[in-house]
Amino acid sequence: MGLKIVYPVCCGIDVHKTFVVACIASTNKGVTTYKRHRFSTYTKGLKELSQWLCENNCKDVCMESTGKYWIPVFNVLEDSCNITLAHPKYVKAIRGKKTDKKDAKWIADLFKHDLVAGSFMPPLAIRQLRDLMRYRFKLTNFTSSEKNRFQNSLTVSNIQLGNTVSDTFGKSSMNIIEKLLEDPTDTDFDIEPLIHGSMKDKIPELELAIDGVISPEQAGKIAVIKQHYDDLQARKADLEQLILSLAEPYTEEINLILTVPPFKNIFSAIAVVSEIGVNMDVFPTAKHLCSWAGLTPTNNESAGKKKSVRVSRAGVYIKPLLVQCATAVVKSDKHPEVRNRYLRLKKRRGHKRAIIAIARMLLTAIYHILKKKEPYNPDLYQKADVLPVNREITIEQAISLAKSQGFRIMETVT
């Protein structure tokens, strides 16, 4: 019995930087015919591709997500076609039989049988918000790198302010550093006017901390780093204003996510919305969403043996965010429903697996919150942790439970 034809007329597109190769597969009475054409990736060429698809009555298109090159193609075809975007590993042709034309035909053949798993594509507004939030994440990384370089330069010059003050980038500390940069050879100046009144008891220690030698080269480097850091902070603030304006239509969903324990910063909630969207109907269950985010173990079994079941590499932006939130919330006693579950899992599976489980728990909660439009309710988890007073189980059920936990049932000898 042959595979069922799900898409009688479909197109497979092999995407490259300067051109795309499209192959339309038309199936009639079990016989498939192919039409191939090569188009430029300039806007004119992509519009010709859209017109060519319309002339051949092809509405269903499948293409691989190659770098960023698929985005212009997707933008042009989004309004006129139903596009399935596939990860390259799912549509890779057989080794030794790979050309651009054969790749497009291979994609079309897989797609006509509905054998390609499409990637999740949120609406355009969410994609634009996602792009800005990911750029904000990069700016945050750049800012952290500059702070580390700044601290390293102070350490090289034996300026040990980091050992005395809680924040090297605090107002008092920066006042001292700016004074040092005015004349690196002069470390004998009055510190008291530069610091906050609460730090007056630390003046003797601060005098020892700044007793270093800042070379002219290090002074120049510190000045450049500080200027770059200030510029990054200013650009990040401008970007955040733009993000907040784009996120206004999703205020209700953002406020619901902020009811989940670890989410206190509005940009953390916006980051979740930008990654998964606000319409949870695209994910059949919470398990599908967690799998998409890379928070579920993989299935890898052969010949009755289970191999590595590590979580996948998916969710490169949302997974670190959820893990960071989970790490923060398990340290707090204010949310026992989360902390108790973490401690139970940590005893059996260790810290890393327990944190992944808590991250999945948070994402599952977010899924139901957005789907039901209800705020986070900790009582639901606390009730689940309370064992029933009267518990009864039959012998058969007890045996089945023991077997499910890996116990081997032995017959007693009388």
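## Exercise 1: a helix residue and its contacts

Leaving aside neighbours within four places in sequence, Ala 326 is in contact with Ile 355, Ile 358, Ala 359 and Leu 362, where contact means heavy atoms within 4.5 Å. The model is a predicted one, in which local features need pLDDT of at least 70 and side-chain atom pairs count only at pLDDT 80 or more, while totals for chains, interfaces and linings use all residues. Residues are numbered from 1 along each chain as its sequence is written, and side-chain values use heavy atoms, with hydrogens and water left out.

Solution. Begin with the helix, which for Ala 326 is H12; helices (H or I, at least four residues) and strands (E, at least two) are DSSP runs, numbered from the N terminus.

As a second case, treat Leu 124, which is found in helix H5. Its relative accessibility is 44%, so Leu 124 counts as partly exposed. Leu 124 and Lys 147 are 23 residues apart along the chain, with 35 Å between their C-alpha atoms.

## Exercise 2: the order and pairing of the sheet

Task: in what order do the 5 strands of the open sheet lie, and which strands stand at its edges?

Solution. The order is S3-S2-S1-S4-S5, with mixed pairing, where two strands pair if DSSP finds at least two bridges between them. Strand S3 (31-40) and strand S5 (82-86) are the edge strands; each has a single partner strand, so one side of each is left without a neighbour in the sheet. From one strand to the next the twist averages 20°; for such angles, axes are lines fitted to C-alpha atoms, for helices over the stretch in contact, and the values run from 0 to 180 degrees between N-to-C directions.

Now follow the pairs. Strand S2 (residues 19-28) runs antiparallel to S3 over 10 bridges, among them those of Val 21 with Arg 38 and of Ile 24 with Lys 35. The hairpin of S2 and S3 has 2 residues between the strands, and Lys 29 takes a positive phi near 55° there.

S1 and S2 are also antiparallel, joined by 7 bridges, and they form a hairpin with 3 residues between them; the bridge partner of Val 9 in S2 is Ser 26. The pairing of S1 with S4, by contrast, is parallel, over 4 bridges, and Cys 10 has Asp 60 of S4 as its bridge partner. S1 is largely enclosed by the rest of the structure, because 6 of its 7 residues are buried.

Helix H1 (residues 43-55) lies across strand S1 (9-15), S2, S3 and strand S4 (60-64), and runs at about 160° to S3. Helix H4 (residues 100-112) packs on the sheet, where it touches S1, S2, S3, S4 and S5, and its direction makes about 140° with that of S1.

## Exercise 3: a covered helix

Task: how many residues of helix H10 (residues 266-276) are buried, and which helices do these pack against?

Solution. Count first: 10 of the 11 residues of H10 are buried, which leaves the helix mostly covered. Among the buried residues are Phe 267, Ile 270, Val 273 and Glu 275. Then list the partners, which are H5, helix H8 (216-246), helix H9 (251-257), H11, H12 and H14.

## Exercise 4: the lining of the second largest pocket

Task: which helix gives the most to the lining of the second largest pocket, and how does that lining divide by class?

Solution. Helix H12 (318-329), helix H13 (336-349) and helix H14 (351-372) each supply at least two lining residues, and H14 gives the most, with 8 residues. By class the lining has 10 nonpolar, 3 polar and 6 charged residues; Ala, Val, Leu, Ile, Met, Phe, Trp, Tyr, Cys and Pro count as nonpolar, Asp, Glu, Lys and Arg as charged, and the others, Gly among them, as polar.

Note on methods:
Buried means under 20% relative accessible area, exposed over 50%, partly exposed in between (1.4 Å probe, protein chains only).
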